[in-house]
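User: I'd like to go through the pockets in this one. Can you put it up?
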Amino acid sequence: MQKEMDMLKKNLSKRKNLILTFVLCVIVSIPVFYYRITQPVDSDFGQHVVFAQEFLDKGTFEPGVAGHPVLQLMMIFLTKISGGAIGLYAGMLLLQIFVSGLNGALVYLWIGDLEGKSREIWRVIASVSVTLLAPFMILALKDGLFYFGYIGIANYHNPTVNLLKPAAILSVMLAEKALNHAANKKSLVFLSAAVIALSSGIKPNFVLVFLPALGIVFLYLLITKKAFDKWMLVLGFALPGLIILALQYSGVYGAKSSEAGIILAPFVVESAFSKHLLLKFLLSSLFVIQGLIVFRKELISDRLLFLGWLMFAIGIFQNYFLAETGRKTMHGNFRWSGQIALFLLVIIILRKAFDTFFTKERDYLIQKISFATTYFLQFAGGIAYYIYCLSSMHYR
C-alpha cells in the first residue's frame, strides 16, 4: 500500500511539473509575441492575417498559401467558434502563446523520468530554457545582426515555423518508436500519418528534412538486418508525406501562372543578407557540435541520434544551397529547413545528455562542464535575442 501511495505521489508531482513547464513557457512568451504581433514591427504575422482575411472574403487561398493553410484555418476557426469575439490578430497571438507552452511540455515528456527531486527540477529548467535557445550571436557587436547569417532556433517573427515545432517533435517521438521496436500498435501508424499531414499543412520544411533522413536510416537498418517497424515507417511517414509533398509541389510550382521553381544556388541567399557565414554557422551549432564530440561513438548505433544528425545535415544543405526562382528567391524559404532540423537535434542531444549524465554510474564531470558551457552560451544568445525582439521593430 505504501509503495502504491509513493507511486501516486510521484505521478502527481510529475503532472504538476508538466503543467508548470507549460505555464512558464506561456508566461515567458506572452510579452515578446504580444509586442511582435500587436505593434507595427518587421514580421510575417500581418501577412498571414491578410491570407486568412482573404479566405474569409473570397473563400479561396492563393496557390502559395493553399499548399499549407493550417495556420490560417486555425485562426479562422478561433474567430468562427468565438462568434467573432476573437479576431484574427488575437487568434494569432493565442496560437503562438499556446504553441510555446506546448513545445516546453513536449520536451519535458520526451526527456523522460529522472530520479530525485533536484533532477526533476533540472528537467523543468531544461524544457523551458530550450524554447529560448538561439545562436551565440557575439558577432552582433560587429555587424548588428542577431538573425541573418545564423541558423535560428528561437523565432519571434514567423508564425508557421513556431507552429511547426510541436508537430515535428511529435513526429520524431513517434519515429523513435518505429526505429527501436519491431512492431507498434496500428493506432500509432495512423497517428504518425496524421501528424505528418499536419506538419506538411503547416510548413513543408520539416518533411523535407525528415523523410530523406528517415529513408537513409531505413536503408541502413535494412542492410544491416536490424529489427525495426518497417510498416510504420512506410505507411505512417513515407507514404503520406510523399503524397502531400507531391501535391504541394504541383500546386505551388506546377501552376502555369507560377514563376517560381527550386534551384541549386550555393550561398546565394544567405550571403546576400550577411557575411561570416561559416563562423555564424559554428556559433549557431555550439551545443550540437559538443554533442557530436561526446557521443561520436554512438552516432550510428543510437538510431535517434543518427536520424537527428542526418536531418541536420540535410537541413543545412537546403538552408545554404537551395533557393527558389523568381520573386521568391530572397524570401529564404529553405532557411526553415535548417532551423527546424537544428531545433530538433538540440532536443535530441539534450535528451541524450540527460539520459547519460543522470542515469549512468560513470562520472562525466568534464563532459557536463563542456555541455553546460555551450548550452549557457546559446541560452545567453537566446536571452539577448529575446530582449532585442522585445525592444526593436526589427528581427534581423
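**Pockets and their linings**

Analyst: Before the details, note that this is a predicted model. In it, helix H2 (45-58), helix H3 (63-66), helix H10 (205-223), helix H11 (230-253) and helix H16 (335-359) each give at least two residues to the lining of the largest pocket.

User: Which element gives the largest share of that lining?

Analyst: H11 does, with five residues in the lining of the largest pocket.

User: And how much space lies in the largest pocket?

Analyst: About 1,200 Å³.

User: How many residues line the largest pocket, and which lie nearest its centre?

Analyst: The lining has 43 residues, and those nearest the centre are Gly64, His68, Glu324, Lys328 and Asn333.

User: How does the lining of the largest pocket divide into nonpolar, polar and charged?

Analyst: There are 19 nonpolar residues, 16 polar ones and eight charged ones.

User: OK, next one. How much space is in the second largest pocket?

Analyst: The second largest pocket holds about 520 Å³. It is lined by 17 residues, with Trp122, Phe354, Phe358, Ala372 and Tyr375 closest to its centre.

User: Which elements give two or more residues to the lining there?

Analyst: Helix H6 (117-129), H16 and helix H17 (365-391). H17 gives the most to the lining of the second largest pocket, namely six residues.

User: What classes of residue are in the lining of the second largest pocket?

Analyst: That lining has 14 nonpolar residues, one polar residue and two charged residues.

Conventions:
Residues numbered from 1 in each chain as written. Predicted model: local features only at pLDDT ≥ 70, side-chain atom pairs only at ≥ 80, totals over all residues. Heavy atoms only, no water. 1 Å grid on protein atoms, 1.4 Å probe; cavity = no way out; pocket = protein on both sides within 12 Å on 5 of 7 lines; lining within 4 Å. Points joined across faces, edges and corners; volume = space filled by probe spheres on them. Helix = DSSP H or I, 4+ residues; strand = E, 2+ residues; numbered from the N terminus. Nonpolar A, V, L, I, M, F, W, Y, C, P; charged D, E, K, R; others polar.
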